[in-house]
Amino acid sequence: MAEVLVLVEHADGEPKKVTGELLTLARELGEPAAVFTGAPGTYAKAKAYLAEYGAAKVYVVESDDVAEYVGAPIAEVLAKLVGDAAPTAVLVAATADSREIAARTAAKTDSGLIWDAVAVTGDLVATQGVFGGSTIVQSKVTKGTPVIVVRPNSTAPVAAPGSPAEVTVDIAISDVAKSAKIVDRVAEAKSGRPDLTEAQVVVSGGRGLGAAEHFALVEKLADTLGAAVGASRAATDAGWYPHQNQVGQTGKTVSPQLYIAVGISGAIQHRAGMQTSKTIVAINKDPEAPIFEFADYGLVGDLFNVVPQLTDEIEKRKG
Amino acid sequence: MNIVVTVKQVPDTWAEKKLDAADKTVDRVSVDNVMNEMDEYGVEEALKIKEAHGGEVTVVTMGPAKAVETIRKALSMGADKAVHLTDDALHGSDALQTSAALAKVIASLSPDLVITASEASDARGGVMGALLAERLGLPQLTQARKVTVDPGAGKVAIERLADNGYSLVEASLPAVVGVVEKINQPRYPSFKGIMAAKKKPLTTLSAGDAGLDAGSVGLAAAASTVLDANPAPPRQSGTIVKDEGDGGTKIAGFLAAQKLI
Ligand SMILES: Cc1cc2nc3c(=O)[nH]c(=O)nc-3n(C[C@H](O)[C@H](O)[C@H](O)COP(=O)(O)OP(=O)(O)OC[C@H]3O[C@@H](n4cnc5c(N)ncnc54)[C@H](O)[C@@H]3O)c2cc1C
Ligand SMILES: Nc1ncnc2c1ncn2[C@@H]1O[C@H](COP(=O)(O)O)[C@@H](O)[C@H]1O
């Protein structure tokens, strides 16, 4: 069976849930071969997880060259593996970094690129939601090795424990790929909550919150649900919440089981980032707010009354 | 500084976007079209860099004849000149082909800095900056929320958005910069700007003029194909209830009934 390459998505070696999703998907398309790229010493943290989710092989590149420059070095690794291993496809998560790496890989290998797939069938037909999810498209790569960028939360990760063969990739990253140097990394966002794009539940706040400190209401509700916190652009522009948490056309695209919009009007650009959520709940005091046109459950009321009551009620039910 | 900024004409954000029934490419004919909103931020950043360091801003677009409207807008904001790559043969090009075509045009302009926006609102690829860097063999400084150029030292640095903050990324010029909309506040074209735009130099190129091989461009040569396209089942609005002092409890009831809590 031919290999299906999966670029491992990780933070300092800790694999992200989407990696398990991609490996699960890859198992249906061929023999899953994980590609781990990271700084020296990071692979050890990913090893068990990749075995757990059924990687048959792991290609490992541990070097500062792949960790300290934007995009291009990892694309060189993938392009080399496409040449050496002749895989059926390359699967990459739809994160800001990885979609760029996918694009460069496709360019290097003269292959077709599909982004934001939510499903891929055995004959490599990908399903995409385009125009913010309003049109569903089936598409297929017709040239080279399909490079497919897959949305997080598209497949449920299923464990299939094995013991992958480890292959150290022998590659010298070119100078031109080492031209955009990452000289510092600055953490701004508060964490401890799940990743926005991976979370099963997202609670987002908008202009209706009125002030940065009122985001505490949203955070408290999120924490009772084990949810990630999102924000509308009005809220991030006002500086009430970090822009990394922005949901929408120019923010993150999320597709959780449950999305709760608090004081968000539901502008088309916000909708573009969340309308594929399984269930949408909206709290807004304006009955005419567009969000009510596509919410599964809409509560017309003042969020300052509704949200604390909802938080308490969930706590109570949890016992 | 010789700055190139890419812009793209897209269906209006508020228009109901469709794929053409026959060839399943984005329908750019039956809808109102505008400059991709994000590109306004790219143009603004190019103008700011020019204002700080001197030089010239050239707008580059690939698109049908009427994409010239978008060029005019960029010129009326203050860009100096423009190149419009337009040819029926280019219709249906995918991102990979578009990047190859744009790279060819851009390379001929020998820029110090290429500025793109992080995403166009039609296909939402978010890949053009990376692809242009790849094709041009230049540093990729995409996802920038802040750009600092030092022409004397031949350096450029950005704050690149990251999941939990940002990275500081540095490179030598020339480079490709991709901007996000947090970077600035785009200016509106002034009346004077609109009048002046009409007289600014505009070069129109066919695929052949740009040195593109006819067999490599357009829908027939694209590396991926759309097999089928259908409207998503419309999202029905669900239950709407008014808060009567028990709104939070009601939502909790709904969530419990859906087994979400
Ligand atoms: C190029 C471009 C890109 C964009 N990208 C994004 C994006 O990625 N994400 C995004 O979100 N937006 C984006 N936008 C902005 C978008 O158009 C809207 O302006 C934005 O989503 C509005 O945010 P909001 O819903 O929080 O604010 P508003 O539209 O002001 O809505 C606030 C809502 O809160 C309600 N409210 C007020 N007080 C209360 C209360 N006490 N209780 C209950 N409800 C209350 C109001 O009734 C109102 O409906 C973009 C715009 C542009 C031009
Ligand atoms: N046909 C085109 N002509 C000029 N610029 C383009 C074109 N397509 C994309 N771009 C640029 O690339 C950016 C990102 O586009 P995309 O990768 O298509 O989302 C856009 O905002 C434009 O600046």
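## Where ligand 1 sits

Ligand 1 lies between chains A and B. Keep in mind that this is a predicted model. There are 26 residues around the ligand, and those that come nearest are Arg207(A), Ser232(A), Ser265(A), Gln269(A) and Asn284(A).

Sort that shell by residue type and you get 14 polar residues, six charged and six nonpolar.

## Polar contacts to the ligand

Arg207(A), one of the nearest residues, uses its side chain here: an N or O atom of that side chain is 2.5 Å from an oxygen atom of ligand 1. A polar backbone atom of Arg233(A) is 2.9 Å from a ligand oxygen, and for Gly251(A) a backbone N or O atom lies 3.3 Å from an oxygen of ligand 1.

As for cover, ligand 1 would expose 990 Å² taken alone, and the protein buries 83% of that. Three helices of chain A each give two or more residues to the shell: H7 (233-237), H8 (268-271) and H9 (303-318).

## A look at Gln97(B)

Over in chain B, Gln97(B) is part of helix H3, which spans residues 95-108. Is Gln97(B) buried or exposed? Its relative accessibility is 10%, so Gln97(B) counts as buried, the cut-off being under 20%.

The side chain of Gln97(B) reaches the backbone oxygen of Gly218(B) at 3.0 Å. Gly218(B) also turns up among the contacts of Gln97(B) beyond four places in sequence, along with Gly92(B), Ser216(B), Val217(B), Ala221(B) and Ala222(B).

How values were computed. Residues numbered from 1 in each chain as written. Chains lettered and ligands numbered in written order. Predicted model: local features only at pLDDT ≥ 70, side-chain atom pairs only at ≥ 80, totals over all residues. Heavy atoms only, no water. Near = heavy atom within 4 Å. Polar contact = N/O pair within 3.5 Å; in protein donor to acceptor, adjacent residues only side chain to side chain. Areas by Shrake-Rupley, 256 points an atom, 1.4 Å probe, with all protein chains shown as cover. Helix = DSSP H or I, 4+ residues; strand = E, 2+ residues; numbered from the N terminus. Nonpolar A, V, L, I, M, F, W, Y, C, P; charged D, E, K, R; others polar. Buried < 20%, exposed > 50% of the residue type's maximum accessible area, 1.4 Å probe, protein only. Contact = heavy atoms within 4.5 Å.
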